[in-house]
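Subject: Structure handover

Hello,

Please find the structure below, followed by notes on what was found in it.

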Amino acid sequence: MRCLILYYSMTGQAERAATLATQTAEATGWEVSLCRIAMREPADHLARPMNVAASKKWTQGAQKGMTVPIMFDPANAVGRRYDAVLLFSNTWGDHPSVPVRSFLESEEARALLADTPVGLYIVCRRLWEKNLGIARELVERAGGHVLGGEAFMHPGGQVGSLIQTITYLYRTDNGRTHFLGFPLPRYGLSDVAMARIPTYTAELLASAIDRKGKS
């Protein structure tokens with residue numbers, strides 16, 4: 001059984017999660033290809049520290065359904081057929097990130113996902129429902145069968161995690177520990193979220209096997 005794990009990652013959080021999912025899939029006997037989605041044009045590449053203009057451009061672009069040219073690393077990973085695809089969808093605002101949406105609306109997605117079981121991982125700070133709904137719709141439009149979707153979030157409350165995220169994106173260190181004397185949660189997926197990934201991955205892959213057995 002072959003599985004493709006697809007992700008885009010600017011700050012490394014989706015990459016952490018995708019790597020853990022890869023380890024889980026391999027441990028359960030799957031042949032796994034881990035593939036990174038990247039924006040093709042050098043002018044579109046994102047890195048810290050960001051500025052207000054860039055943050056506004058990409059967040060608003062995600063809200064409007066913006067797409068850009070993309071590429072894959074390794075390049076040949078999306079040219080094969082798989083028994084399951086696991087997709088990590090970052091949340092920009094409350095929508096899928098521009099690179100992930102660009103993939104889901106691409107010819108590569110239609111060829112890759114047709115009649116294929118797909119598991120969705122929503123990587124987010126807080127807002128995730130719209131991201132999941134849009135990603136599910138686009139997967140199904142491409143011909144895929146959604147096995148399930150679940151949110152994997154950062155620690156802390158709404159305000160604290162927002163302040164930390166903004167701080168982290170606009171700096172080059174690990175983010176602030178306090179704001180106006182109040183402690184901030186660390187930046188990144190919570191320990192609870194990371195601990196859930198192996199079990200969730202195993203559940204998705206078991207569902208894919210079950211579906212294959214019934215087809």
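S33 counts as buried because its relative accessibility is 15%; buried means under 20% relative accessible area, exposed over 50%, and partly exposed in between, with a 1.4 Å probe and protein chains only. This residue sits in strand β2 (residues 31-39). Strands (E, at least two residues) and helices (H or I, at least four) are DSSP runs, numbered from the N terminus. Leaving out residues up to four places away in sequence, S33 touches C3, L4, I5, R80 and Y82, where contact means heavy atoms within 4.5 Å.

The model is predicted: local features need pLDDT of at least 70, side-chain atom pairs count only at pLDDT 80 or more, and totals for chains, interfaces and linings use all residues. Residues are numbered from 1 along each chain as its sequence is written, and side-chain values use heavy atoms, with hydrogens and water left out.

R2 belongs to strand β1 (residues 2-7). Between R2 and S33 there are 31 positions in sequence, and their C-alpha atoms are 7.9 Å apart in space. R2 is partly exposed because its relative accessible area is 28%. Not counting residues up to four places away in sequence, R2 touches W30, E31, R80, R81, Y82, D83 and A84.

On the chain as a whole, the protein has seven helices and nine strands. For 215 residues, a compact globule would have a radius of gyration near 17 Å, and the chain agrees with 17 Å; the radius is taken over C-alpha atoms, and the globule rule is 2.2 Å times the number of residues to the power 0.38. The C-alpha atoms fill a box of roughly 60 × 35 × 25 Å along the principal axes. Buried residues make up 48% of the 215. Of the contacts with a separation of 6 or more, 81% are between residues 24 or more positions apart.

What is inside? The largest nonpolar core has 37 residues, and those with the most contacts inside it are L4, L6, F103, L104, L112 and L113. A nonpolar core is a set of buried Ala, Val, Leu, Ile, Met, Phe, Trp, Tyr and Cys residues joined through side-chain atoms within 4.5 Å. Helix α5 (residues 129-141) gives the most to this core, namely five residues. A second, separate core of 24 residues includes C3, A18, L86 and L189.

D94 lies in the loop between β4 (84-92) and β5 (95-96). D94 counts as buried, at 19% relative accessibility. Apart from neighbours within four places in sequence, D94 is in contact with Q63, L127, K130 and N131.

Some backbone details remain. Most residues other than glycine have a negative phi, and most peptide bonds are trans. The bond joining R48 and P49 is cis, with omega about -5°, and P49 lies in the loop between β2 and α2 (52-63). Another cis peptide bond runs from D73 to P74, with omega near 5°; P74 is in the loop between β3 (70-73) and β4.

D115 is not a glycine, but its phi is positive, near 55°. D115 is placed in the loop between α4 (107-113) and β6 (117-124) and counts as exposed, at 59% relative accessibility. L180 also has a positive phi, of about 55°. L180 is in the loop between β8 (178-179) and β9 (182-183) and is exposed, with a relative accessible area of 72%.

Regards
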